[in-house]
Amino acid sequence: MHIRLLKEDDIKGIYYLLKNVLGYTVSFEEFYTRVLLMSNDENYYILVACNESQVIGFIGLQLGYAFEITGKVMRIIALAVANEYQNKGIGKQLVKESEKFALKDNATVITLNSGLSRLEAHKFYEKQGFYKKGYSFMKKV
C-alpha cells in the first residue's frame, strides 16, 4: 500500500468510495468535474491510498483561513477507506499524510466535520488526536 497525490485515473475509485463507504449521492459527471476543479486549485489536495493500482482509500484536504484561528487551517473535507481495508491503519496513515501537508503549508490546525450518526468515525478521529469542538450546521439555498 502506498499513498500519493491523486491522478485523473483515480477519480472512479474515489467515486466508488464516496458512494459505497460514505453513502453520498452525486452524479459521476458532477463529481468528476468537481474533483478536477479541486485538483487544479492550489488550496486543495486529494491523496489516495493504493493497493497496486486499486484505490482503497482517499483523503480530501482544503487549505484556508478562519476568523477565530491564527494562521492557516487545513480542513479534511472527506476521508474514506474501502470496507475490506478498514481497521488496518490506512485511515491513520492518510491522516498522518494530511499532517505533513498542513505543516508544509504552515497550517496551525486541522479541522473536519463528521456526521452525528458516524460514531465509529468519531472514535477514529479522537484516536488520531482530534477533539469535539462543536456542531456543524447546514442550510440549503
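**Reading the model, feature by feature**

Guide: Buried means under 20% relative accessible area, exposed over 50%, and partly exposed in between (1.4 Å probe, protein chains only). This is a predicted model, in which local features need pLDDT of at least 70 and side-chain atom pairs count only at pLDDT 80 or more, while totals for chains, interfaces and linings use all residues. Residues are numbered from 1 along each chain as its sequence is written, and side-chain values use heavy atoms, with hydrogens and water left out.

Visitor: With which residue does the side chain of glutamate 120 meet in a salt bridge?

Guide: A salt bridge is a side-chain nitrogen of Lys or Arg within 4 Å of a carboxyl oxygen of Asp or Glu. The partner here is lysine 123, at 3.3 Å from N to O. Lysine 123 is partly exposed, with 47% relative accessibility. Both residues lie in helix H4 (residues 119-127), three residues apart, about one turn of the helix. Helices (H or I, at least four residues) and strands (E, at least two) are DSSP runs, numbered from the N terminus.

Visitor: Why does a spacing of three residues matter in a helix?

Guide: An α-helix has 3.6 residues a turn, so residues three or four places apart point the same way. Lysine 100 is exposed at 52%, whereas glutamate 97 is partly exposed at 22%.

Visitor: How many salt bridges does the structure hold?

Guide: There are seven. One of them joins the side chains of aspartate 105 and lysine 104 at 3.4 Å, N to O. Aspartate 105 is buried at 12% relative accessibility, but lysine 104 is exposed at 52%.

Visitor: Which residues does glutamate 97 touch, not counting residues up to four places away in sequence?

Guide: Contact means heavy atoms within 4.5 Å. By that rule glutamate 97 touches Ile3 and Leu47. The C-alpha atoms of glutamate 97 and isoleucine 3 are separated by 8.1 Å, although the two residues are 94 residues apart along the chain.

Visitor: How should I read a residue that sits in a loop? Is aspartate 10 buried or exposed?

Guide: A loop is read by the elements on either side of it. Aspartate 10 is in the loop between strand E1 (2-5) and helix H1 (11-20), and it is buried, because its relative accessible area is 5%. Its side chain and that of arginine 4 are joined by a polar contact of 2.6 Å. A polar contact is a pair of N or O atoms within 3.5 Å; within protein, one must be able to donate a hydrogen and the other to accept it, and residues adjacent in sequence count only if both atoms are side-chain atoms. Beyond its neighbours within four places in sequence, aspartate 10 is in contact with Arg4, Leu5, Val48 and Val55.

Visitor: Which residues of the largest nonpolar core touch the most other members?

Guide: In soluble globular proteins, nonpolar side chains tend to be buried together. A nonpolar core is a set of buried Ala, Val, Leu, Ile, Met, Phe, Trp, Tyr and Cys residues joined through side-chain atoms within 4.5 Å. The largest one here has 40 residues, of which Ile14, Phe31, Phe58, Leu61, Met74 and Leu94 touch the most other members. H1, H2, E2, E3, E4, H3 and E5 each supply at least two residues of this core. Phenylalanine 31 is in contact with Ile11, Ile14, Tyr15, Leu18 and Val26, leaving aside its neighbours within four places in sequence. In H1, the buried residues include Ile11, Ile14 and Leu18, and what covers the buried residues of H1 includes H2 (28-39), E2 (44-51), E3 (54-65) and E4.

Visitor: How do strands E4 and E5 run, and how many bridges join them?

Guide: Two strands pair if DSSP finds at least two bridges between them. E4 (residues 72-81) and E5 (residues 107-112) run parallel and are joined by five bridges. Isoleucine 76, for example, has leucine 112 in E5 as its bridge partner.

Visitor: What is asparagine 87 an example of, as regards phi?

Guide: Most residues other than glycine have a negative phi. Asparagine 87 has a positive phi of about 65° although it is not a glycine. Asparagine 87 lies in the loop between E4 and H3 and is exposed, at 83%.
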